[in-house]
Amino acid sequence: MVQDFNIPPYFEWLPGALSTYLITLGFLALTGLILSFLISAVRNGPMKAGDRIYKVVVSAGVDLARFSPKRVFALARLAVQESVRRRVWVALVVFGVILLFAGWFLEPSGDQADRLSNSDPGKLYINFVLTGTTFLVMLLALFLSAFSLPTDIKNHTIYTIVTKPVRTGEIVLGRILGFTVIGTVMLAVMGAASYLFVGRMLDHTHELTAADLREIPPDPGMPMGGKEGRTALSHNHFHEVTLDAQGNGVTDVRQGHFHRVHAETKDGQTRYIVGPPEDQLVARVPIPVEKKEDFRFLDRSGVQGPGINIGKEWAYRKFLDGGSPMAAIWTFSGITKERFAKGLPLEMNLRVFRTYKGEIADEKKGNRTVGILGSIRLQNPDQPRLKSIGTPFTAKDQVIDKHFIPPVLDREVDGQYKPVGLFKDSIVGAPASESLVTDDGRVDVVLQCLSPSQYLGVANADVYLKLQDGSFAWNFCKGYVSIWLQMLLVIGFGVMFSTFLGGPIAMLATAAMGMLGFFTEDVGNLFRAVIRGETKLFPGGGPLESMIRIAGQNTITLDLEKSLGVRVVQAIDAGIMVFMKAAVDLVPSFKDFDNIRYIADGFDIPAVRLLEQATVGFGFILALFLVGHLFLRMREVAN
Amino acid sequence: MVTEAAVATPIKPAAADTIVETRNLSKVYRDFWGRQKVRALKALDLTVHRGEIFGLLGPNGSGKTTTIKLLLGLLFPTTGQALVFGKDATDVSKNERLGFLPEESYLYRFLNAEETLDFYGRLFNMPSSVRRRRTAELIDMVGLNWAKRRQLREYSKGMTRRIGLAQALINDPELIVLDEPTSGLDPIGTREMKDLILKLQSQGKTIIMCSHLLADVQDVCDRIAILHQGELKELGRVDSLLRVKDVTQIKASGLSDDAKAEIRAVIERHNGHVDSMDNPTNTLEDLFLSIVRDSEARPGKRAPHNRD
């Protein structure tokens with residue numbers, strides 16, 4: 001899953017973000033002023049330089065006050081007309097052609113030997129169309145925005161604009177607005193086409209005939225009998241089906257979906273009808289744990305400790321050793337009777353790590369294959385002894401598995417099973433102190449692996465509660481909004497750079513911003529760690545401290561002795577890093593705008609995430625607009 | 001024989017108020033490193049009054065276009081000041097009352113004539129009714145009604161020039177700056193452009209034009225400044241600059257040879273000297289225009305040859 005824990009509410013997030021924004025903007029303004037003063041002073045002397053900069057800043061401010069929306073719209077309209085007459089819609093044709101032939105190359109498991117592959121083709125198609133749209137639209141935005149203004153300046157058409165009462169800010173904003181309109185239309189068309197493409201590629205059914213089914217021998221678990229079998233192959237997969245005596249039932253979950261099956265008897269002949277795929281294009285709204293600390297592991301001896309690393313480089317998931325007290329515990333909060341009266345709808349997306357091949361059978365169950373077993377139980381976070389007995393289940397690798405936990409469970413007291421309720425009044429007459437959920441609405445979900453020497457992999461976000469599904473179409477739209485925001489940023493940077501650079505250079509600079517944007521998060525975290533003195537995740541300190549360490553051949557994992565000199569050096573490092581961090585913050589982190597994984601994995605994009613992305617996006621556009629306005633104001637367009 | 005200038009009707013400025021003023025205006029072009037490349041304009045002092053047609057004359061590279069660009073705020077002065085309507089030339093608000101026709105008509109070639117004028121009208125925040133009326137009037141005035149729906153990329157140079165002039169007039173400006181207004185125009189277009197400039201002046205507008213076509217400047221300008229290598233070499237009224245004070249010109253028609261001889265005798269009696277006495281010739285422009293007009297009046301026939 002993509003979302004690790006709850007995103008903080010908007011107004012808790014805003015003050016911090018705003019202060020970062022203002023610091024960065026201040027840094028930019030200060031650096032800009034100093035640089036332009038130095039350059040101008042070299043050319044004209046310090047007095048005249050000061051006078052000029054004062055005049056430019058004042059006139060730029062006055063121009064902003066005289067801003068006219070009508071002129072901005074006129075210029076935006078021009079940008080739209082320009083794009084249309086330059087046949088920008090060819091990009092749509094390209095996209096259409098790509099979609100037409102994409103099906104040929106996007107077989108989720110085209111290899112015959114791989115027919116039983118369980119990978120979800122929905123994920124593949126969604127990833128493909130969204131990534132494709134993003135790249136195409138970015139490329140379009142890049143070319144349109146970076147070349148338009150330089151072309152105007154080169155062709156001198158700008159002369160007839162700037163000799164009208166047009167403020168430079170209006171030129172910049174008009175361009176940004178115009179290209180955004182074009183991009184929005186293109187994106188909307190591509191979005192609609194993509195939606196249809198994904199829907200059509202995934203829609204399928206399977207044939208199921210009486211010959212494919214066999215009777216299930218009577219079993220205490222299924223006294224009425226029934227049928228089981230396998231559907232015909234379609235879209236490179238088949239399903240195992242289990243039907244009741246009437247011939248109704250569901251298939252297993254394969255490639256992320258299942259089908260409902262029902263039987264129709266006509267003229268003495270029974271036909272089995274397999275319905276459309278279900279649970280495929282969904283937007284789950286998960287309720288994860290609130291904080292990082294709400295997820296923890298117990299080690300093999302049953303005390304709190306780390307999970308096991310089975311040797312994967314990506315240490316996101318930790319593993320539980322089977323048949324030991326090792327467990328993963330999630331403490332969910334906000335569990336009230338009003339919300340969860342019927343029980344806890346739990347979903348799990350686990351990883352199964354097997355240490356040997358072959359089918360794992362259970363002697364107790366007549367040697368039927370049971371696979372790797374796990375168990376789930378609930379416990380009261382304040383009274384860990386108040387816990388339900390574990391419910392065993394067969395763990396499925398990389399499949400979202402649903403477990404509904406009823407409001408009344410069993411617990412073991414002195415070797416006997418006794419009922420225990422989720423909430424205080426779940427069982428009439430139960431003691432007031434006995435409920436699995438605490439008074440403030442917290443409950444522990446404990447996961448263990450039961451199969452000895454096998455492993456279950458989990459991460460914070462792999463187990464969550466789910467009350468409802470959002471609309472997939474709306475989620476798809478939200479995904480496009482985040483692509484739209486990224487396009488807006490590219491247009492903003494393109495236009496801003498083109499106010500003082502030539503077309504190809506402006507394009508390169510914008511593309512460079514886009515690429516840098518994928519690394520800013522990591523680099524920014526490093527700088528922040530130095531500023532805050534967090535040496536655990538990023539050991540070694542800032543540039544000066546690192547140099548001292550190199551000279552003294554000190555290892556980076558040990559803290560230096562806190563002498564006066566070291567303190568001074570660390571303070572200087574922190575000071576340098578404030579500026580470095582501000583410089584990094586000038587580049588938007590494009591990773592933060594990426595919501596494709598949410599849609600592909602079938603999770604609803606939280607509205608607050610989108611709101612925060614939009615705030616950051618528009619913050620950047622405002623800054624880019626101001627910078628562009630100032631640059632164009634300072635520029636001699638005829639030189 | 002040098003003749004007195006007798007074309008442009010001298011119109012006295014309605015009021016002596018100053019529309020454009022430059023004080024010690026200089027421009028030095030520099031390279032990327034700030035090193036001086038060219039000194040394009042040296043300490044120019046000029047004043048242009050309301051209602052006059054002011055010509056900037058000079059060979060290529062003399063600083064005419066630089067002066068105009070400085071007046072429009074397209075370039076920033078290295079030293080000195082350029083004031084338009086009493087405001088600094090870099091102040092955008094001056095553009096409300098200004099129209100500019102650039103040397104080449106730098107317009108958006110993907111727009112048609114109507115869209116072009118509508119777009120520039122929008123830049124002045126004109127209401128749509130005014131914009132429509134003004135667009136129709138101007139297209140009519142420059143004679144492009146037949147081609148108003150064609151994209152400018154299909155226009156000939158002369159047509160582009162006309163639509164360029166129309167966009168300069170969209171806001172009914174008080175000051176019109178024309179950079180080489182007649183370049184690219186055929187003789188008829190040139191004549192029409194000159195007539196239009198005079199008509200604009202009669203409406204009380206101030207016009208600054210620069211050109212190296214001396215005949216055009218002589219035909220329309222009240223005052224001229226001659227620039228060379230960035231320096232102002234001459235400034236004054238065209239008629240007084242061109243007047244040859246010690247030569248008298250008499251124009252008469254219907255004189256017999258005897259009468260001509262008598263006049264010659266009178267001049268010599270007064271110690272004057274007859275430099276030449278012959279029949280005047282038309283200018284080629286006059287000849288061309290009259291042929292075209294005849295041809296328009298009688299299409300299909302060859303123009304008569306009875307001119308001598």
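This is a predicted model: local features need pLDDT of at least 70, side-chain atom pairs count only at pLDDT 80 or more; totals for chains, interfaces and linings use all residues.
Colleague: Okay. What is the phi of Asn125(B)?
Modeller: Asn125(B) has a positive phi, about 60°, although it is not a glycine. Asn125(B) is partly exposed, with 15 other C-beta atoms within 10 Å. The cut-offs: a residue is buried if 20 or more other C-beta atoms lie within 10 Å of its own, exposed if 12 or fewer, and partly exposed in between, with C-beta atoms placed from the backbone.
Colleague: And over in chain A, is Asp414(A) buried or exposed?
Modeller: Asp414(A) counts as exposed, because it has 5 C-beta neighbours inside 10 Å. Asp414(A) is found in the loop between β18 (408-413) and β19 (416-421) of chain A, and its phi is positive too, about 50°, although it is not a glycine.
Colleague: Let's go back to chain B. How many helices and strands does chain B have?
Modeller: Chain B has 9 helices and 10 strands. Its C-alpha atoms fill a box of roughly 70 × 55 × 40 Å along the principal axes. Of its 308 residues, 37% count as buried.
Colleague: How many residues of α1(B) are buried?
Modeller: 9 of the 9, so α1(B) is largely enclosed by the rest of the structure. Among those buried residues are Lys64(B), Ile68(B), Lys69(B) and Leu72(B). After α1(B) comes Gly73(B), with a positive phi near 80°.
Colleague: Where do the two chains meet?
Modeller: 27 residues of chain B are in contact with 27 residues of chain A. Two residues are in contact if their C-beta atoms, placed from the backbone, lie within 7 Å. On the side of chain B that touches chain A, α1 (64-72), β6 (98-101) and α2 (113-123) each supply at least two residues.
Colleague: Which of them gives the largest share?
Modeller: That's α2(B), with 4 residues. By class, the side of chain B that touches chain A divides into 17 nonpolar, 6 polar and 4 charged residues. Here Ala, Val, Leu, Ile, Met, Phe, Trp, Tyr, Cys and Pro count as nonpolar, Asp, Glu, Lys and Arg as charged, and the others, Gly among them, as polar.
Colleague: What about α2(B) and α4(B), at what angle do they cross?
Modeller: The axes of α2(B) and α4(B) (residues 157-168) cross at roughly 25° and come within 9 Å. Axes are lines fitted to C-alpha atoms, for helices over the stretch in contact, and angles run from 0 to 180 degrees between N-to-C directions. α2(B) and α4(B) are therefore roughly parallel to each other. Angles under 35 degrees count as roughly parallel, over 145 as roughly antiparallel, 65 to 115 as roughly perpendicular and the rest as oblique.
Colleague: Which helices pack at about 135° in chain A?
Modeller: Those are α7(A) (residues 168-202) and α14(A) (residues 607-634), with their axes 8 Å apart. α7(A) and α14(A) are therefore oblique to each other. Residues that meet there include Ile171(A) and Ile176(A) in α7(A), and Ile621(A) and Phe625(A) in α14(A). By class, that contact has 7 nonpolar, 4 polar and 1 charged residues.

Conventions. Residues are numbered from 1 along each chain as its sequence is written. Chains are lettered from A and ligands numbered from 1 in the order in which they are written.
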